[in-house]
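Please read it alongside the sequence and the model shown here.

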Amino acid sequence: MDQRALGTQGLTVSALGLGCMGMSEFYGTADDEESLATIRRALDLGVTFLDMADMYGPFKNERLVGAALKGRRDRVVLATKFGIVRTSDPAARGVNGRPDYVKQSCDGSLQRLGTDHIDLYYQHRVDPTVPIEETIGAMADLVRAGKVLYLGMSEAGPRTIRRAHAVHPISALQTEYSLWSRDPEDEILPTVRELGIGFVAYSPLGRGFLTGRITRYEDLALGDFRRYSPRFQGENFGKNLELVARVEAIAKAKGVSAGQMALAWVAARGADIVPIPGTTRRRHLEENVAAMAVELTEQEQADLAAALPKGAAFGARYPEAAMRIVNG
């Protein structure tokens, strides 16, 4: 597996990461044994950049990854996040960027992961009630204490990124980016590239939709959060299927799957971009890894971009309440 640099502070990761969220929550019932096997298989294939958050589970995801890494910690770049607060209401979400909470969250993550340091520590969502300088200042204290090596942000807007980077170098900005979520191309990508910040693309397969494996709303399990996503509901679902058909046609001509085509497109957007598709199964992991060997011509990249131009997807990325805490 090739390596890519995130930022200019020395952080280097595998060119493809593994999003671990679905192994603990949000996509229906998960199989812990298969998830553990998938993480270990990822390491064997050279996928050593693992992404999680304390709120996945909540807390279960970090414990699962920690268990998978026993005896292998030195081979892995661990990325986790803090800042989204869960309550007894499964649907409720809060945001907390207070300095004391930052440090408390880090200590909890270290314990659950069974490690003495986190390689890349993200603020999951920006807290509008706390100046970003205070939150990043607390994160910088963690770096000085040796508990964290590099800092990241997730779903932050350009002005906030600039203010944060002025306090302490930000190595990576994580945001949803795929053929059907191309908004970062407008302001986010130009900003991070100007500042020398790496870009981590989550949901590069459109939450699985761009693989072509989801053909009916009923394919989604009852506990699957995509049932509440505007892009998977009502008329939007059928219209978005037409977009997937365009990707499938281009992929078929290339002799690869739709998912591999979509993932190869994200990976080809720049050496400073690292996609982190999530999966809970080894066979899907192996398909994703194979996508990194797919070389797209400039014409193929252009054809894909034209097939799914910016704003082509029908429906917002998240329900309205969740959209209020992105791009803060």
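In this predicted model, eight strands form an open sheet in the order β3-β4-β5-β8-β9-β10-β11-β12, and their pairing is parallel. The edges of the sheet are taken by β3 (17-19) and β12 (273-276), each of which has a single partner strand, so one side of each is left without a neighbour in the sheet. On average, and with direction ignored, neighbouring strands of this sheet are turned by 25° against each other.

- Strand β11 (residues 198-202) runs parallel to β12 and is joined to β12 by four bridges.
- Within this pairing, Val200 stands opposite Val274 in β12.

**Helices α5 and α6**
- The axes of helix α5 (residues 158-167) and helix α6 (residues 188-195) come within 10 Å and cross at roughly 15°; because angles under 35 degrees count as roughly parallel, α5 and α6 are therefore described as roughly parallel to each other.
- The crossing of these two helices, α5 and α6, is right-handed.
- On the α5 side, Pro158, Ile161, Arg162 and His165 take part in the contact, where they meet Ile188, Thr191, Val192, Glu194 and Leu195 of α6.
- Sorted by class, the residues in the contact of α5 with α6 comprise five nonpolar, two polar and two charged ones.

**Arg112 in helix α3**
- Arg112 belongs to helix α3 (residues 99-113), and counts as buried because its relative accessibility is 17%, where the cut-off is under 20%.
- Leaving aside residues up to four places away in sequence, Arg112 touches Asp54, Phe59, Glu62, Arg63, Gly66 and Ser105.

Terms used. Residues numbered from 1 in each chain as written. Predicted model: local features only at pLDDT ≥ 70, side-chain atom pairs only at ≥ 80, totals over all residues. Heavy atoms only, no water. Buried < 20%, exposed > 50% of the residue type's maximum accessible area, 1.4 Å probe, protein only. Contact = heavy atoms within 4.5 Å. Axes fitted to C-alpha atoms, helices over the stretch in contact; angles between N-to-C directions. Parallel < 35°, antiparallel > 145°, perpendicular 65-115°, else oblique. Left-handed = near helix turned anticlockwise from the far one by under 90°. Nonpolar A, V, L, I, M, F, W, Y, C, P; charged D, E, K, R; others polar. Pairing = 2+ DSSP bridges.
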